Amino acid sequence: MELTKKKSKYSLKESLTAYIFLLPALMLAFTFIILPIFSAFVNGFTDYYLLKPDEKIFIGIDNFIRMASDTLLLRTFKNTLYFVLLVVPLQLGMALILALIVNKKIKFNGYYRMAYFAPAVLSLVVISILWSVLLNPSSGLANQILMSVGIPRQKFLTSTTQAMPTIVVISAWSGCGYQMLIFLAGLKNIENSLYEAAEIDGANSWKKFLHITIPSLRPVTMFLIITTTIQAFKLIVQPMVMTGGGPDYSTMTILQYIYEYGFRHRNVGYVSAITLVFTLFLVIVSILIKKVLKEE
Amino acid sequence: MHKKNIIKILFYIAITLLSLFFVFPMLWMIVSSFKIDEHIYRDIGTVFAFLPRMEDMTIKPYIELLSMYNIFKNMGNSLMYASLTVVFGLMVNSLAGYALAKFNFPFKDGVLLLIIALMIVPVEATILPLYMVVFRIKLINTIAGYLLPFVANVMNIFLFRQYFLSFPEELSEAARIDGLGHFKLFYKIVFPISKPIYVTIGIITFLASWNDFLWPVMALSNSDLMPVQVALNAIFSDTYNIFTSHTMAALTLVTLPVVVLYMFFQRQIVEGVARSGIK
């Protein structure tokens, strides 16, 4: 009885077609998304060293204990967190300001929009190389400009204190154009009648911004905060190209640690364990942000 | 009245200075690629750092760059990788998205839930285990090993599903009456009328592949297979490359195709970015 009921719910031909349609995607997703996570689980509890695969032994949670006392790993976590906490507000703040500017009825609107968006067409590698040359402490353009307005030479990427803030500014500079456009789309969606009603009630521009614009941009902002934060935690290309993680490990990020010690030094077991913790951490962060922003 | 005008002028000055902050690096990059190094550093403190002086303009940096590095070969590699990823990606992901939107089959909810759950996996974070899997199936240093991991994209499957959900049921009914099978219906009717979503996702996929850096560094160490972003970094860190003008010429060459794409597909790119929230 049960069986006939089920049979009538699905047509065999349709189910078969559906799985033929799904098969390539499911096979690829299984091999290249699920299998890697599974392999990280298996290797994360071993001392797997790629050049000596036969000597791999199960070592329980040793790798996870080792993480807690790995000062370089903790340092890269601190560096990454520092980057995230600075770049997310800076980049989104800049994006919002730019969106508000080009949303106004200004002359040459097309030029301004294009100019603010310009860095977005450059790849991260191009951006990193270009700024490395511009920021060269002795011959770079940036110091020339600073000196012409009376500011002394800066060391930028060659200083342990300036390197990470420099990468923050460059990343915000290159990424905010996209987010400007997303904010702009949000601004265009706000009903004009809301502003008109507020004007009748005698609200000034500041009040209108605070009580209409900001609340209306809420969903867009939430989306941008989550995507930018997760993206920022995965910082690697800029330090890899510009500083190699230096000077003195001051710009080395978690992902770069994973690359250096997992891929280049072949410590697969230990770094698989780090990958597990890092992945879990990112998943928790995105869920937490969603929760916090929704509750407010 | 007078005060209002001053504020207006100040506002325009401020937003113009701000716009210069965003364009000056690229401007300098392009102008410097048409100068010899001596002139680049002679002009660096002046406005001519950003404006070409006709008498100094030269394509020497490009000629010298191309005689030292075969960057066109790398661009050709990247063009091939990006095109293959777009073609196979669109096929695989749209078929899956269509099945999830339009068919009834056992475990449909389970498959959909799996796709949504996988969307939360931060791809670059799991790059080492991905390398290990590709290493195990002996595809490191092969084009297949480089491309296959990023053909299926759960975000794109989801975007396709959302798009196909809005198709009217009558469409498939009519096709069924005409005796069209599921496959024919898909490529004769669904595909042609869904061009906009294909173009949007295709362009975003192309750009992501063209700009890819970390994965090819790991998966392709063979220099014949090297894509363009990895080659750029190699040129930049090559101790034999001592000329700023050569580096700027390389950066300009690699950026040019992207600028052309933006000119033709600006709307689709913006829409694609807004949908998927990358970058």
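This is a predicted model: local features need pLDDT of at least 70, side-chain atom pairs count only at pLDDT 80 or more; totals for chains, interfaces and linings use all residues.
1. Start with the make-up of chain A. It has 14 helices and zero strands.

2. Now look at the dimensions. Along its principal axes, the C-alpha trace of chain A spans about 70 × 70 × 35 Å.

3. How much of chain A is buried? Of its 296 residues, 43% are buried.

4. Next, consider which parts of chain A touch each other. Among contacts in chain A with a separation of 6 or more, 68% are between residues 24 or more positions apart.

5. Turn to the place where the two chains meet. Here 64 residues of chain B are in contact with 66 residues of chain A. On the chain B side, the helices that each supply at least two residues include α1 (2–32), α4 (71–102), α8 (154–165) and α14 (244–276). Which helix gives the largest share of this side? That is α14(B), with eleven residues.

6. Finally, what classes of residue make up the side of chain B that touches chain A? You will find 49 nonpolar, 13 polar and two charged residues there.

Technical notes
Residues are numbered from 1 along each chain as its sequence is written. Chains are lettered from A and ligands numbered from 1 in the order in which they are written. Two residues are in contact if their C-beta atoms, placed from the backbone, lie within 7 Å. Helices (H or I, at least four residues) and strands (E, at least two) are DSSP runs, numbered from the N terminus. Ala, Val, Leu, Ile, Met, Phe, Trp, Tyr, Cys and Pro count as nonpolar, Asp, Glu, Lys and Arg as charged, and the others, Gly among them, as polar. A residue is buried if 20 or more other C-beta atoms lie within 10 Å of its own, exposed if 12 or fewer, and partly exposed in between; C-beta atoms are placed from the backbone.
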